[in-house]
Amino acid sequence: MAANRIVVLSGPPCSGKTTVGKALAEVRASAGLGRIHLEVDTLFELLFPESDRNRDDRLRAYAGAHLLARMFVGGGETVVLECTYARRDQRASLREALAGSSALLWVVEFFVAPDEAVSRFRERHQATDLDEALVWERAEAFPYFDEALRIGSSSGAPEEHAQSIITWLQQDPRPVDQDEWTRAGRGWN
């Protein structure tokens with residue numbers, strides 16, 4: 001798998017991004033491919049522990065993750081970025097951070113049915129600004145992108161999904177058009 005690329009793990013809340021991202025980091029590490037995996041939500045908690053999770057703080061967390069990704073990609077690494085990436089502003093932040101670099105972008109989107117997302121949400125034991133209605137709405141209205149690899153997170157184990165991602169990347173798929181991916185995101189409502 002070539003370096004100097006960014007792989008975005010994207011999808012609605014409770015779609016399996018974090019679980020598969022951790023499995024992907026393990027698979028990549030055991031194969032000697034490195035394990036740079038940036039979870040925007042984890043970075044958010046480190047940077048803004050007292051935040052009410054407002055839009056400005058969210059965008060600053062994304063920007064911080066994107067600057068770190070740019071730094072690692074500039075050093076020849078492959079970086080896995082993981083967060084929702086539903087909003088145009090979030091996608092534009094990554095596109096702007098990569099401007100002028102030779103980094104290529106691949107997107108993996110996780111699909112989850114709204115009822116399944118809500119069921120998973122009920123099992124979580126972490127602080128969040130989400131509720132069941134928001135989880136359902138975000139799963140229902142997620143702006144999927146045709147050029148992304150789509151994974152149905154309800155079918156298969158996280159390790160299987162991680163291996164599917166590795167296999168897909170080894171086939172050298174065409175990188176996404178960053179401008180089109182950005183435009184396909186949702187606005188803030």
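A: Contacts come before geometry here. Arg55, Leu59, Tyr62, Ala63, His66 and Arg70 in α3 meet Asp89, Gln90, Ser93, Leu94, Ala97 and Leu98 in α4, where contact means heavy atoms within 4.5 Å. These residues divide into six nonpolar, three polar and three charged; Ala, Val, Leu, Ile, Met, Phe, Trp, Tyr, Cys and Pro count as nonpolar, Asp, Glu, Lys and Arg as charged, and the others, Gly among them, as polar. Helices (H or I, at least four residues) and strands (E, at least two) are DSSP runs, numbered from the N terminus.

The model is predicted: local features need pLDDT of at least 70, side-chain atom pairs count only at pLDDT 80 or more, and totals for chains, interfaces and linings use all residues. Residues are numbered from 1 along each chain as its sequence is written, and side-chain values use heavy atoms, leaving out hydrogens and water.

The axes of α3 and α4 are 9 Å apart, at an angle of about 30 degrees; axes are lines fitted to C-alpha atoms, for helices over the stretch in contact, and angles run from 0 to 180 degrees between N-to-C directions. The two helices are therefore roughly parallel, a term for angles under 35 degrees.

Within α4 (residues 88–98), Gln90, Arg91, Ala92, Ser93, Leu94, Ala97 and Leu98 are buried, that is, under 20% relative accessible area (1.4 Å probe, protein chains only). Besides α3 (55–74), the buried residues of α4 pack against β1 (5–10), β3 (78–82), β4 (104–111) and α8 (178–183). After α4 comes Gly100, with a positive phi near 85 degrees.

Note on methods: Buried means under 20% relative accessible area, exposed over 50%, partly exposed in between (1.4 Å probe, protein chains only). Angles under 35 degrees count as roughly parallel, over 145 as roughly antiparallel, 65 to 115 as roughly perpendicular and the rest as oblique.
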